[in-house]
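Student: I should like to learn how to read several features of a protein model. Could we take them one at a time, with the general idea ahead of the particular case?

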Amino acid sequence: MNLQNDLILRAARGERTERTPVWVMRQAGRVLKEYRDVRAKAGSFKNLLFNPELSCEVTIQPVDIYGVDAAILFSDILVIPEAMGLEYKMDEGKGPSFEQTIRSKADLAKITTEAVEEKLEYVFQTIRLIKKDLNGRVPLIGFAGAPWTIFCYMTEGKGSKTFSVPRAMIMRDPELAHALLSAITDATIVYLKKQIEEGCDMIQLFDSWAGVLNKESYNTFALPYMKRICDEIQSVPKTVFALGAYYSLADLAQLSCNTVGLDWHMDPIWARSVVGNSKTLQGNLDPAVLYGDFETIRTKTKEMLSKFGATKHIANLGHGVYPDIAPDKLKCFIDTIKEYQHAQ
Ligand code: CP3
């Protein structure tokens, strides 16, 4: 199907665009009252996730309400561990938690990479509904967690400041760590290929816990698995986003991806000098700027746009929008980008 607005895809491929395209990580989420209403109707976050009609509805909401240049599939990175055999709970205010974790060879034997497609059929059904509903208005972004981040949740069993369990495992039992990372990678490749087959126009890998590693451990336990995924998927533009991994930015830029996502710690001019000119950059306004007044948001957003320049940039925040941000502040960020004229 022809897309009416393909700015993001063109920017990802490095082509010149009339203006800088924009979408926002976590745009389909709690910032919007409309999202909270649908979640209440579903009864819980997990019920919403398993309901293709309602997941489709919240995916489209930010396209209708904000006019962003892409929709992102409403789902979660933790559907992969669940499809591998580890169910999780999502408690309001507490985040995700797993009853079972993988901490030994015996635990590893209990999980599987079989029938991932069948188990995640509800996601694919959601994608089909979204594509029909969008009717070519904007591209649809599919996604998965990067293997390292999924490994963190499968071993630790919940969120953590230090992620000591996964970091201990790579020190004490690297062989077990590699076996689990490899299984996660296999499942993720199957999952992403199917997302694309069902209609996702581009994909993003979220490595949210890259920041607990160092350059050497990232190169050993994270990058090789990202590389396998990027090499296996060739049909649509790919974005890698590794939060806190400024130390590996040059290595991330070597992956066969189109776009490198930047968190807000990185200066765009520095990042461009490290990445070189072959990739598109995505990001990276500090999400906390949206706590500021409208004038501050406009000023900081324009500063960001001017630092990235007119090409090879997809505007976004430097991480997901915080749930207590006022929707009109987020709208101000998006409108400022859409109205911005780059200096010739
Ligand atoms: O709009 C979108 O970005 C699309 C949907 C999306 C969600 N999660 C929905 C969601 C995406 C792309 C994700 C990715 C995700 N999930 C990541 C990577 C991105 C990042 O933020 O670093 C991670 C680490 C997760 C795991 C996860 N899911 C956590 C840690 C939490 C709880 C944190 C919190 O903010 O409370 C979730 C829950 C979650 N996933 C919500 C949403 C809208 C909020 C839950 C709710 O509505 O009750």
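Student: What are the distance and the crossing angle between the axes of helix α16 and helix α17?

Tutor: Two packed helices are described by the angle between their axes and by the distance between those axes. In this predicted model, the axes of α16 (residues 294-308) and α17 (residues 327-339) come within 9 Å and cross at roughly 40°. The crossing of α16 past α17 is right-handed.

Student: Which residues of α16 and α17 make the contact?

Tutor: On α16 they are F294, I297, R298, T301, K302, M304 and L305, and on α17 they are D328, K329, C332, F333, T336 and I337.

Student: How many disulfides does a search of the whole structure find?

Tutor: A disulfide is a covalent bond between the sulfur atoms of two cysteines. The search of the whole structure finds 0 disulfides.

Student: How far is the sulfur of C257 from the closest cysteine sulfur?

Tutor: The distance is 5.4 Å, to the sulfur of C230, and this is again too far for a bond, given that a disulfide requires the sulfur atoms to be within 2.5 Å. C257 is likewise buried, with a relative accessible area of 6%.

Student: How does one compare the span of helix α8 with what its residues should give?

Tutor: One sets the expected span against the distance between the end C-alpha atoms. Helix α8 (residues 121-134) has 14 residues, which at 1.5 Å a residue should span 20 Å; the end C-alpha atoms are 20 Å apart, so the two agree. The buried residues of α8 are Y122, V123, F124, T126, I127, I130, K131 and L134. Just after α8, N135 adopts a positive phi of about 50°.

Student: Is T185 buried or exposed?

Tutor: T185, which lies in helix α11 (residues 174-197), counts as buried because its relative accessibility is 0%.

Student: Which residues is T185 in contact with, leaving aside its neighbours within four places in sequence?

Tutor: They are P147, Y225, R228 and I229. As for W148, T185 is 37 residues from it in sequence, while their C-alpha atoms are 9.3 Å apart in space.

Definitions and conventions: Residues are numbered from 1 along each chain as its sequence is written. This is a predicted model: local features need pLDDT of at least 70, side-chain atom pairs count only at pLDDT 80 or more; totals for chains, interfaces and linings use all residues. Side-chain values use heavy atoms; hydrogens and water are left out. Buried means under 20% relative accessible area, exposed over 50%, partly exposed in between (1.4 Å probe, protein chains only). Axes are lines fitted to C-alpha atoms, for helices over the stretch in contact, and angles run from 0 to 180 degrees between N-to-C directions. Helices (H or I, at least four residues) and strands (E, at least two) are DSSP runs, numbered from the N terminus. A crossing is left-handed if the near helix is turned anticlockwise from the far one by less than a right angle, and right-handed if clockwise. Contact means heavy atoms within 4.5 Å. The expected span of a helix is 1.5 Å times one less than its number of residues.
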